[in-house]
Number of protein chains: 2
Amino acid sequence: MEEKLTMSVVPDLEVLFELADLFKVFGDSTRLRVMYALFDGELSVTAIADSLGMEQSTISHQLRVLRQNKLVRVRREGKQIYYALDDEHVEKIIQMGLDHVLE
Amino acid sequence: MEEKLTMSVVPDLEVLFELADLFKVFGDSTRLRVMYALFDGELSVTAIADSLGMEQSTISHQLRVLRQNKLVRVRREGKQIYYALDDEHVEKIIQMGLDHVLE
DNA sequence: TGAATATATGAATATGTGTTCATTTGTCAA
DNA sequence: TTGACAAATGAACACATATTCATATATTCA
């Protein structure tokens, strides 16, 4: 019942802005592809770029967005930097969206 | 277990574009506010605009986006047009996002 | 130290998008 | 039919953003 309560109460405008910002992160196909790539485990930047057939710079820019929104975590190993999903909600949010799209 | 399967399979690029488009809809605070306003039931365009303190035109433009993405349904009654949420997933998607934002 | 590799970053550009203003369309009642 | 009200629409503008290119930073190894 607690959950119902948090739903019906309209959050502060500030929280709504944060919420919109979060969904903006999911609202880009490149970032979605990156997140999907990370479903199976951590990957280096080059590995992600290669698997998507996109430029390293493009991926790096988008990884920064994911980082800033605390959706991925980073780990350095030698020259490479490995990214991994860092939020239990990511898959759930994407799945909810898919449920709608595939209705 | 079926659900796990749909998660791990990367959707077609086309589906990913649709998915990104869906999240774009949630990525705007005005549209989020409109959806929140409709949590309690259907409202006319003017009622929504008044409750948010925004212009009728602005709300009308955003309602069109929600309509195009099949997130609201429409019903005419005299001069007024009533909008209501038309998807079971809307509240779930927003709740998942909130869980992350409020962590 | 210097070369090679991996990643990040900044500037520039093109494209997308939210709001406003003015206008149109649709409905009802006199 | 005319006037009043509700909603939708289109053009214009300002602003945000994704990608590319060039370059900087960081790390390893010879």
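Mentor: Start with B:Asp21, which forms a salt bridge with B:Lys24. The closest N and O atoms are 3.3 Å apart. Keep in mind that this is a predicted model.

Trainee: How are B:Asp21 and B:Lys24 separated in helix H2 of chain B?

Mentor: They are three residues apart in helix H2 of chain B, so about one helical turn separates them. In general, side chains of opposite charge can pair when their charged atoms come close.

Trainee: How many salt bridges are there over all chains?

Mentor: The count over all chains is eight salt bridges.

Trainee: And what is the count between chain B and chain A?

Mentor: Zero salt bridges between chain B and chain A.

Trainee: Then what is the area buried between chain B and chain A?

Mentor: About 3800 Å², and carbon and sulfur atoms give 75% of that. The contact takes 43 residues from chain A and 43 residues from chain B.

Trainee: Back to H2 of chain B. At what angle do the axes of H3 of chain A and H2 of chain B cross?

Mentor: Roughly 115°, with the axes of H3 (residues 29-37) of chain A and H2 (residues 13-26) of chain B coming within 9 Å. Angles of 65 to 115 degrees count as roughly perpendicular, so H3(A) is roughly perpendicular to H2(B).

Trainee: Is the crossing of H3(A) and H2(B) left-handed or right-handed?

Mentor: The crossing of H3(A) and H2(B) is right-handed.

Trainee: Which residues in H3(A) and H2(B) meet?

Mentor: From H3(A), A:Ser29, A:Leu32, A:Arg33 and A:Tyr36. They meet B:Leu13, B:Leu16, B:Phe17, B:Leu19, B:Ala20 and B:Phe23 in H2(B). By class, the contact of H3(A) with H2(B) has eight nonpolar, one polar and one charged residues.

Trainee: New topic. How many helices and strands does chain A have?

Mentor: Chain A has six helices and three strands. From the N terminus on, its elements run α-α-α-β-α-α-β-β-α. The C-alpha atoms of chain A fill a box of roughly 50 × 30 × 20 Å along the principal axes.

Trainee: At what angle do H3(A) and H4(A) pack?

Mentor: H3(A) and helix H4 (residues 45-52) of chain A pack at about 115°, their axes 10 Å apart. That makes H3(A) roughly perpendicular to H4(A), and their crossing is right-handed. A:Thr30, A:Arg33, A:Val34 and A:Ala37 of H3(A) make the contact with A:Ile48, A:Ser51 and A:Leu52 of H4(A).

Trainee: What classes are those residues in the contact of H3(A) with H4(A)?

Mentor: Four nonpolar, two polar and one charged.

Terms used. Residues are numbered from 1 along each chain as its sequence is written. Chains are lettered from A and ligands numbered from 1 in the order in which they are written. This is a predicted model: local features need pLDDT of at least 70, side-chain atom pairs count only at pLDDT 80 or more; totals for chains, interfaces and linings use all residues. Side-chain values use heavy atoms; hydrogens and water are left out. Axes are lines fitted to C-alpha atoms, for helices over the stretch in contact, and angles run from 0 to 180 degrees between N-to-C directions. Helices (H or I, at least four residues) and strands (E, at least two) are DSSP runs, numbered from the N terminus. Angles under 35 degrees count as roughly parallel, over 145 as roughly antiparallel, 65 to 115 as roughly perpendicular and the rest as oblique. A crossing is left-handed if the near helix is turned anticlockwise from the far one by less than a right angle, and right-handed if clockwise. Contact means heavy atoms within 4.5 Å. Ala, Val, Leu, Ile, Met, Phe, Trp, Tyr, Cys and Pro count as nonpolar, Asp, Glu, Lys and Arg as charged, and the others, Gly among them, as polar. Buried area is the accessible area (1.4 Å probe) that two parts lose on being put together, summed over both. A salt bridge is a side-chain nitrogen of Lys or Arg within 4 Å of a carboxyl oxygen of Asp or Glu.
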